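This report goes through selected backbone and side-chain features of one protein model. The sequence and structure come first.

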Amino acid sequence: MQYKPETRSSLSFNKVNNMGVFPLDTLVRVESMASENAVVIFSVSTCCMCHAVSGLFRGMGVSPGVHELDLHPYGVEINRALLRLLGCSSGTSTSPGGLPVVFIGGKMVGSMERVMASHINGSLVPLLKDAGALCL
């Protein structure tokens, strides 16, 4: 199965947040980064939940692309855009700043809770297969 990145419109980016309009370059940057690999994790280098979700994928034989936002020059802006996409404008998630945020096949799956729920209910493996990240 071939990995096919999604377009900006299919990612359902909402360009307006509580502080005004997201710069288009931030949304383009997120889209570009999310489509670099079949599985992409936006993470923070010191977040144990981020390491756990990365370990989950590696344990399944998937090599995710990981973007450590605390080490990225545009990490703060990217994190704000991801929070808005998650619908957590106040950053109320249990992990730092709503991270990790996982994209599979260029589509946002969501935070750690959504990834784990998908894993438990059996829908994660088909997503990985469809994205070309897992060959079983």
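Pro100 sits in the loop between α3 and β5. In this predicted model, the peptide bond that joins Leu99 to Pro100 is cis, and its omega is near 5 degrees. Most peptide bonds are trans, and most residues other than glycine have a negative phi.

A further backbone feature is found at Gly87, which follows α3 and has a positive phi, near 85 degrees.

## Helix α3

Helix α3 covers residues 75–86, 12 residues in total.

Which residues of α3 are buried? They are Gly75, Ile78, Asn79, Ala81, Leu82, Leu83 and Leu85. The packing partners of these buried residues are α1 (24–34), β3, β5 and β6 (107–111).

## Aromatic rings

The count of aromatic pairs is one. Its members are Phe42 and Phe103, with ring centres 5.6 Å apart and planes at 75 degrees; planes over 60 degrees apart count as edge-to-face, so this pair is classed that way. Phe42 belongs to strand β3 (residues 39–43) and Phe103 to strand β5 (residues 101–104), so the pair links distant parts of the chain, 61 residues apart.

Are the two residues of the pair, Phe42 and Phe103, buried or exposed? The cut-off for buried is under 20% relative accessible area. Phe42 has 0% relative accessibility and therefore counts as buried. Phe103, at 1%, counts as buried because it too falls under that cut-off.

Another ring contact involves a charged side chain: Arg29 lies over the face of Tyr74, at 3.7 Å from the ring centre.

## Whole protein

The protein has five helices and six strands. Along the sequence these elements come in the order β-β-α-β-α-β-α-β-β-α-α.

Of its 136 residues, 42% count as buried. The accessible surface is about 7,100 Å², and carbon and sulfur atoms make up 55% of that area. Among contacts with a separation of 6 or more, 64% are between residues 24 or more positions apart. The Phe42 and Phe103 pair, 61 residues apart, links distant parts of the chain.

Technical notes. Residues are numbered from 1 along each chain as its sequence is written. This is a predicted model: local features need pLDDT of at least 70, side-chain atom pairs count only at pLDDT 80 or more; totals for chains, interfaces and linings use all residues. Side-chain values use heavy atoms; hydrogens and water are left out. Helices (H or I, at least four residues) and strands (E, at least two) are DSSP runs, numbered from the N terminus. Buried means under 20% relative accessible area, exposed over 50%, partly exposed in between (1.4 Å probe, protein chains only). Contact means heavy atoms within 4.5 Å. Accessible areas come from the Shrake-Rupley method with a 1.4 Å probe; for residues, only the protein chains shown count as cover. Rings of Phe, Tyr and Trp (its six-membered ring) pair if their centres lie within 6.5 Å; planes under 30 degrees apart count as stacked, over 60 as edge-to-face and the rest as tilted. A charge sits over a ring if NZ of Lys or CZ of Arg is within 6 Å of the ring centre and within 35 degrees of the ring normal. The expected span of a helix is 1.5 Å times one less than its number of residues.
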